[in-house]
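Student: I have a model open and want to learn how to read it. Can we go through it feature by feature?

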Amino acid sequence: MREEHHMTKDILFIGYPKCSTCQKAEKFLRAHGCGAPMRDIKAEPPTADELRAWHERSGLPLKRFFNTSGLKYKELGLKDKLPAMTEEEQYALLATDGMLVKRPLIITPKGILTGFREKEWAELLS
């Protein structure tokens, strides 16, 4: 019991409750004894500072933090605009709308992942 509490306390899980992939990720977390609540990415979007910190820690390309298949991304024509933007401009843009951010996101002391790939999440939680 103690380990579950410890594990949950150190994990930030961010998703969109209506997103089927986020629901799958939440089921996966529960099955692995992680009770971290889902922070609603639309109601409580990540700030530019959070995004900067996560990006730096993750070792992932910043583009991986964008929801490239989302309507908003396509609407804003970001595929063509992102390459010309600075990282600071990209963090600021991501912070304007949670729906621009790739979900689900899991932030743990061991690492950070965007999107749900069961094998990667299992390794991160082991």
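Tutor: Just after helix 2, G33 has a positive phi of about 75°. Helices (H or I, at least four residues) and strands (E, at least two) are DSSP runs, numbered from the N terminus. The model is predicted: local features need pLDDT of at least 70, side-chain atom pairs count only at pLDDT 80 or more, and totals for chains, interfaces and linings use all residues. Residues are numbered from 1 along each chain as its sequence is written, and side-chain values use heavy atoms, with hydrogens and water left out.

Student: How many residues does helix 2 have, and what does helix 2 reach from its first C-alpha to its last?

Tutor: The expected span of a helix is 1.5 Å times one less than its number of residues. Helix 2 covers residues 20-31, twelve residues. The span is 17 Å, close to the expected 16 Å.

Student: Which residues of helix 2 are buried?

Tutor: Buried means under 20% relative accessible area, exposed over 50%, partly exposed in between (1.4 Å probe, protein chains only). An α-helix has 3.6 residues a turn, so residues three or four places apart point the same way. In helix 2, C22, A25, F28 and L29 are buried. Seen down the axis, these buried residues fall within an arc of 115°, so they line one face of helix 2. The arc is taken from the directions from the helix axis to the C-beta atoms. K24, K27 and A31 are exposed on the other side of helix 2.

Student: What covers the buried residues of helix 2?

Tutor: Contact means heavy atoms within 4.5 Å. The cover includes strand 1 (12-15), strand 2 (38-40), strand 3 (105-107) and helix 7 (118-125).

Student: At what angle do helix 2 and helix 7 pack?

Tutor: Two packed helices are described by the angle between their axes and the distance between the axes. Axes are lines fitted to C-alpha atoms, for helices over the stretch in contact, and angles run from 0 to 180 degrees between N-to-C directions. Here the angle is about 35°, and the axes are 11 Å apart. A25, F28 and L29 of helix 2 meet E118, W121, A122 and L125 of helix 7.

Student: Is L100 buried or exposed?

Tutor: L100 is buried, with a relative accessible area of 0%. L100 sits in the loop between helix 6 (87-96) and strand 3. Its C-alpha is 5.7 Å from that of F66, 34 residues apart along the chain.
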